[in-house]
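Have the structure open and follow along.

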Amino acid sequence: MRVAETGDWESANLAQKINELLAAQDQSKRQLQASRMLLQLICGQSNEMVWLVEPDGTFRQLNSACRELGYEPESLKGESCFVLLHPQDRAQMKRYLQLIVKTGSAERAKFRFQHRRGQDLWMETIGKASRAEDGMTAEIVIICRAVAQGTIKGELDNQDELTKLYSRGFFERQLALDSNDKLPVSIIVCDVNGLKRINRRFGYSRGDESLLRITEVLQACCREEDLIARWGEDEFVLALPQTSYAEAEILADWIKDNAENGKEETIALGIATKTAQTQHLRQIMAEAEAIMEQNKLFESGSRHNLILKVLQNLLAESAFETQQHSQRLYELSISMGRAMGLSRVQLTKLRLLALFHDLGKISVPAKILRETGALTSKEIEAIKNHPSVGYRIARSIPELSSVAEEILSHHERWDGEGYPRGLKGTQIPPLARLIAVVDAFDVMTQGRIYCPAVSGQEALLELEKCAGTQFDPELVKVFVSTVKNVASDC
């Protein structure tokens with residue numbers, strides 16, 4: 001079709017330009033038709049599976065090699081290519097097609113395909129886009145080749161052999177891609193406490209049963225676009241696109257409830273969320289792992305928890321630190337920390353401080369701790385030495401090393417008159433300043449051998465009186481506000 005180039009000069013010139021555009025469009029259509037004819041020829045002669053799909057993955061054309069998966073080519077036309085893929089690989093294929101649309105091609109990638117009868121088959125794919133005259137992707141050519149089992153072993157293997165989840169190597173490659181188009185992205189790290197004990201007592205087959213049961217729990221709670229991988233012998237990791245921290249917390253609680261559910265093993269979880277493009281997923285992963293490691297300290301059945309229980313019992317016997325005192329400190333500290341917007345890592349450290357800030361008192365003779373009268377200078381020195389002793393003990397125990405500095409500093413004063421180092425103001429670690437306020441309140445309201453208990457209101461007034469000298473004045477304000485919300489006698 002052409003426009004007549006007649007009339008005045010302007011009309012003829014416009015008609016010429018229109019004809020040039022029409023000719024270019026015809027050429028583009030002929031090239032696209034030629035490409036399709038060439039593709040049909042290749043499809044008919046190739047032993048590899050060749051697809052022509054729309055940008056969304058809908059099949060336009062397939063060659064006869066798709067019969068390897070138990071399908072006739074005609075039966076798949078108009079269907080989504082995702083029907084041929086393992087459910088856990090569909091989200092990856094979706095991202096693969098998006099990459100081809102965006103860049104025009106994609107490097108080789110491996111996917112699990114499913115035969116019509118259910119068997120899994122690993123295939124390697126490579127894709128290239130065909131552009132229309134407007135530069136948009138008209139269709140995508142995908143070539144698939146079966147992969148020999150021996151070539152997908154080791155780090156190249158996308159699948160964990162036991163659980164059939166993604167492997168650590170595959171998950172690490174996904175972390176490296178670090179797309180910013182589906183924020184927020186939450187990471188949940190899961191550790192199975194007690195698995196090694198189960199393996200020793202009942203054999204590895206029983207341990208494998210536990211891992212497979214937990215795998216089913218994880219799969220039940222995840223969407224198609226979520227990634228689940230086995231991260232280590234007793235660890236799993238989940239990457240959850242478009243999932244906020246609050247949503248991930250709800251999911252983590254569901255996982256814990258359903259994975260434990262009266263079983264011998266328990267689950268320690270760590271959560272972290274990427275909310276900004278400047279954050280890297282590897283950093284988020286490391287944060288989630290750090291939180292999980294700290295949470296393991298309080299999970300029954302973990303080796304870390306057993307160590308803390310021994311130390312708690314030792315404190316109760318030799319330093320008269322009651323469980324009730326530690327629990328009160330924990331509850332008040334956490335309430336205060338949440339009011340301050342502290343991170344989960346900081347809140348876990350607060351819990352450790354509530355339990356072990358006076359760890360060094362195990363070195364103080366019981367006679368001194370029970371003394372109701374005035375202490376000698378030597379006895380006072382023994383008391384003042386307990387933060388240093390606690391610091392050395394905490395440094396030697398990996399489970400407590402993260403709070404060693406705070407244990408050393410919890411008797412420092414805002415005005416610099418405390419001990420053992422005479423730190424002043426913001427030189428004192430923030431959590432040490434916080435626990436000092438909470439500990440003083442509990443001592444005043446519960447009483448000790450050397451001082452009677454006072455009311456909550458009196459204790460708050462005393463804290464306000466000492467704000468700016470003994471205690472951080474801003475933390476006293478936060479604590480007073482917190483206690484008035486939780487203490488019934490204030």
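Which helices do the buried residues of α14 pack against? They pack against α13 (377-384) and α15 (404-409). Keep in mind that this is a predicted model. Helix α14 itself covers residues 386-396, and its buried residues are His386, Pro387, Ser388, Val389, Gly390 and Ala394.

Now for the sheet. Four strands make up an open sheet, in the order β7-β8-β6-β9, with antiparallel pairing. The edges belong to β7 (227-232) and β9 (266-274); each has a single partner strand, so one side of each is left without a neighbour in the sheet. On average, neighbouring strands here are turned by 20 degrees against each other, direction ignored. If you zoom in on β6 (residues 185-193), you'll find nine bridges joining it to β9, and the two run antiparallel. For a landmark, take Ser186, whose bridge partner in β9 is Thr273.

Next up is a helix pair, α8 and α11. Their axes sit 10 Å apart and the packing angle is about 20 degrees. With angles under 35 degrees counting as roughly parallel, α8 and α11 are therefore roughly parallel to each other. The crossing of these two helices is left-handed.

Here's who meets whom:

| Helix | Residue range | Residues in the contact |
|---|---|---|
| α8 | residues 281-296 | Ile291, Gln294, Asn295 |
| α11 | residues 344-356 | Arg344, Val345, Thr348, Lys349 |

Sorted by class, the contact of α8 with α11 has two nonpolar, three polar and two charged residues.

Notes. Residues are numbered from 1 along each chain as its sequence is written. This is a predicted model: local features need pLDDT of at least 70, side-chain atom pairs count only at pLDDT 80 or more; totals for chains, interfaces and linings use all residues. Side-chain values use heavy atoms; hydrogens and water are left out. Buried means under 20% relative accessible area, exposed over 50%, partly exposed in between (1.4 Å probe, protein chains only). Contact means heavy atoms within 4.5 Å. Two strands pair if DSSP finds at least two bridges between them. Axes are lines fitted to C-alpha atoms, for helices over the stretch in contact, and angles run from 0 to 180 degrees between N-to-C directions. Angles under 35 degrees count as roughly parallel, over 145 as roughly antiparallel, 65 to 115 as roughly perpendicular and the rest as oblique. A crossing is left-handed if the near helix is turned anticlockwise from the far one by less than a right angle, and right-handed if clockwise. Ala, Val, Leu, Ile, Met, Phe, Trp, Tyr, Cys and Pro count as nonpolar, Asp, Glu, Lys and Arg as charged, and the others, Gly among them, as polar.
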